[in-house]
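Good morning, and thank you for the time.

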Amino acid sequence: MPLWLFIFLAVIAICGAFGVILQRNPVHCLLALALTLIDVGVLFVGLGAETLGFLQIIIYVGAIMVLFLFVIWLLNLQIEPAPNAHLALKFFGSIGAAALAAELSVFFFNAQPVSGVATIPGTYGSVESLARMLFSDYLVAFEVTSILLLAAVAGAIALARRMTGAALTRTPVEGEGVVRARESGS
Amino acid sequence: MTQHFPALGLILLFPALGVIFNLFWGNRAGRGVVNFVAPTMIFLSFAVALWGLVELLLMPAGTVLEFTLWRWIEAGSFHTDIALRFDALSAVMVLVVSGVGAFIHVYSIGYMAHDEDYARFFMYMNLFEFSMLVLVLADNLLLMFVGWEGVGLCSYLLVAFWYTNPEFAYNGRKAFIVNRVGDAGFVLGILTIVTTLGAHGVWTLTFVGMRAHAGLLEPVAAAAGLLLFLGATGKSAQIPLYVWLPDAMVGPTPVSALIHAATMVTAGVYMIARLNFLYTLGPEAMRVVAIIGTLTSFFAATVAIVQPDIKRVLAYSTISQIGYMMLGVGVGAFAAGIFHLMTHAFFKSLLFLCAGSVMHALEGEQDMNRMGGLRRWLPTTWATMLIAALAISGIPPFAGFFSKDLVLESAFVSGNTGLWLIGTITVGLTSFYMFRLIFLTFHGQVRVAPDKVAHIHESPRVMTIPLMVLAVFATIGGFVGLPDGLLWGNAFQRFLTPVVGSGVAHPAEMPGVSVGPMLSLVALIVAATGILLAWIFYIRKPEIPERLEESLRAVYRILIRKYYVDEIYNFIITRPLFWGSREVLSRGVDTFVIDGMVNGTGLTVEESGEGLRKIESGNVQHYALVYLFGALMVAAYYIYLVMR
Amino acid sequence: MITPIDYFMGLSAVIFAIGVAGMLVRRNVIVMFMSIELMLNAVNLAFVALGRRVGSMDGQVIVFFVMTVAAAEAAVGLAIIISLYRGRETLNADELNLLRW
């Protein structure tokens, strides 16, 4: 991939990422995230993984981001006020994250380079080759993942459904759910 | 030579059966059955013992009947069996223990008639008989020690029989613990013997085995003898471990008669006689035995002359008489010591039983100052007690005369003239306090509390018959050991010679007069003087004791306070021991160190938990931050690896 | 000029770190969740880049699975968030501290 293209896409990705963590309105965060994900999808295509790139856009942006959006609308989220607590956490957190980035970069730039130039088969990144790998070498993982999806669906429904009947009429008792240690805490 | 005689096992079996019966079925079976079973068991043992004696007499002298039950300890080359040995010495002891014991059991039927706990009492009595018989029938030192401990235990159980009274319980504990102190010495003695013999490859503790290899024991004979004697001072109530005996009088009177007169307290004497070969190899030990015996004898007699409690007088009398026995075995006259043991068993148990009879008549009164003139109400008791008093004072033809005479003569003849002198003086003291007891109790003015006078009655037949039987023995018991030359001479000594040797040799007679009769005469005069003095003090001129008491007040005080020995022991031994236990061990080690460690561990966990729980803030982002720091460190490590 | 593989890795590291920062700094749990998605994508990028460099399809297969699992995780996580909101009426991470000591 030409370097200028990479730089261009990298800048967009980083701007989007910063947008995710810095925007106040959750919907704006979501939009920034969608931008970043599309950008990563393009990077995938540029790296030769066309299938994955399209899959990224279809699944990640098309399904997961929309799901996020639905939840935000459902819960009627408001703009988040400015941080006024746990400032030390946020401060050190930011510093730590920056340090992590620095460390990882140093590590990657100084790691031993992979020897030789790998030959890229013509079918690299095609649906056929991906499918071939999935159904031969990674068959067990594939099957397990499908079960995982089933479990996730069932779990999500179980967690998020509205209670009916007795559970609905049950009013939360004052202090219910509060761990008793709160009183004994000094 | 030895003869296999399985019936010996029966001697032990009968009391054991009595114990088991009384333990499990005593309360259910009812008083009548228990009263029959317990003494019968002892009578049966006595019968078997008699049979054994007959066998021994029929066979050539020096025969031994033996019976091995099973192998008890097998440890490398060392082994010990549960085995019984019936020779002349054991015969005497078993007959005394079971015979006198049987009659005391019969007496107890009447004495304990009003006590609800009769089953437990007879169980303990049978248990005691069993232990004592094990002690005297054992053929090795280890089994003898088992019996030794057993009688100590029974002494505690029986002294503290009425345990609901704290003072009685205390005295029971005192008896047991003082005994245990002596037993420590005993154990050390056994260990000395075992290790010495073992060093030469001889691993045995049987008396036969020890005697055969006695030469190997010679270097440690005196030490072992003294250590074993320490145990004897505890068991036989000599200086320094006699202090438990006067306080043990709180037990029922039959207990005092059986244990503290006739049997347990004589175990020490028996042990020395049994180990005569060891003691003859260690003359220093024998000297100590003789000296302590004589001193104890004198010292206890001096205390007895002022005691107001009838049983205490008898207790100190016992201590004193055992001193005589120790004197006898200490100078080498083992048979003489055993002879006095036997006659003492007769008259001392008789004295105690008569005292019990008096107490029974007076509903428990023990203070002689509140007795007096009882002769008219208690004729049988008076007569038998008088016989016993004459016997213990050494008046012929009663038993005590012959045995005491033999002991004193042996002392004189073996060259211990000083000991003989003290012993003779003690004879006078003995007769004095004994007849003081008789006169205060049975003669003179009636000083009994008025409310008790109406109830005075002679004891029932079940109690007076044993008195009469014992009185007969106290009268004729001495005739087995007549002085040489008179009728059949000293048959007792001859009987025991194969076991204990021939006693002290007689020197050549002094020209013109023979030593033996001379000594006897001296003793007799001294005894008679004592009786006379008692008569003057307590019958003719009763004001004399009070006047003496006032003018010699300090002396009187020392005597009646038993030379303050209990107080001294308390100060030197008991209180420091308790202080150490309480302050050092209980507070210091137990509470501070051990509890501190345990509690401290708990406290540490608790407090650290209190501190550490603050980490759980519940805030997910805090946790994520910690993750991040961990990740940073891992990344740093990888960088480090890469940079190298 | 062909971009060296290191640049892709560096980009991945930066996006990952930004995701971490977002995770730690933001209070809204949905935005926290989005930061997690960022992190996942950064890692996906790294996998694909390395796979391309080595020349095997393994990287892409792994990314395939990561995507699948991320989808499942998103579904369940959002369901949890919904039920949290129903119970506590707040989506402020600072107030969701029931597991406090």
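Let me begin in chain B, at B:Gly444, which follows H18(B) and has a positive phi, near 70°. Please note that we are looking at a predicted model.

How is H18(B) placed relative to the rest of the structure? Of its 26 residues, 20 are buried, so H18(B) is largely enclosed by the rest of the structure.

I turn now to chain C. Its secondary structure comprises three helices and zero strands, and along the sequence the pattern reads α-α-α. Chain C has 101 residues, of which 53% count as buried. Among the contacts in chain C with a separation of 6 or more, 45% are between residues 24 or more positions apart.

Finally, the contact between chains A and C. How many residues does each chain bring to it? Chain A contributes 76 residues and chain C contributes 61. On the side of chain A that touches chain C, at least two residues come from each of the helices H1 (3-22), H2 (26-46), H3 (50-75), H4 (87-110), H5 (127-136) and H6 (139-160) of chain A. By residue class, that side of chain A divides into 60 nonpolar, 14 polar and two charged residues.

How values were computed:
Residues are numbered from 1 along each chain as its sequence is written. Chains are lettered from A and ligands numbered from 1 in the order in which they are written. This is a predicted model: local features need pLDDT of at least 70, side-chain atom pairs count only at pLDDT 80 or more; totals for chains, interfaces and linings use all residues. Helices (H or I, at least four residues) and strands (E, at least two) are DSSP runs, numbered from the N terminus. A residue is buried if 20 or more other C-beta atoms lie within 10 Å of its own, exposed if 12 or fewer, and partly exposed in between; C-beta atoms are placed from the backbone. Two residues are in contact if their C-beta atoms, placed from the backbone, lie within 7 Å. Ala, Val, Leu, Ile, Met, Phe, Trp, Tyr, Cys and Pro count as nonpolar, Asp, Glu, Lys and Arg as charged, and the others, Gly among them, as polar.
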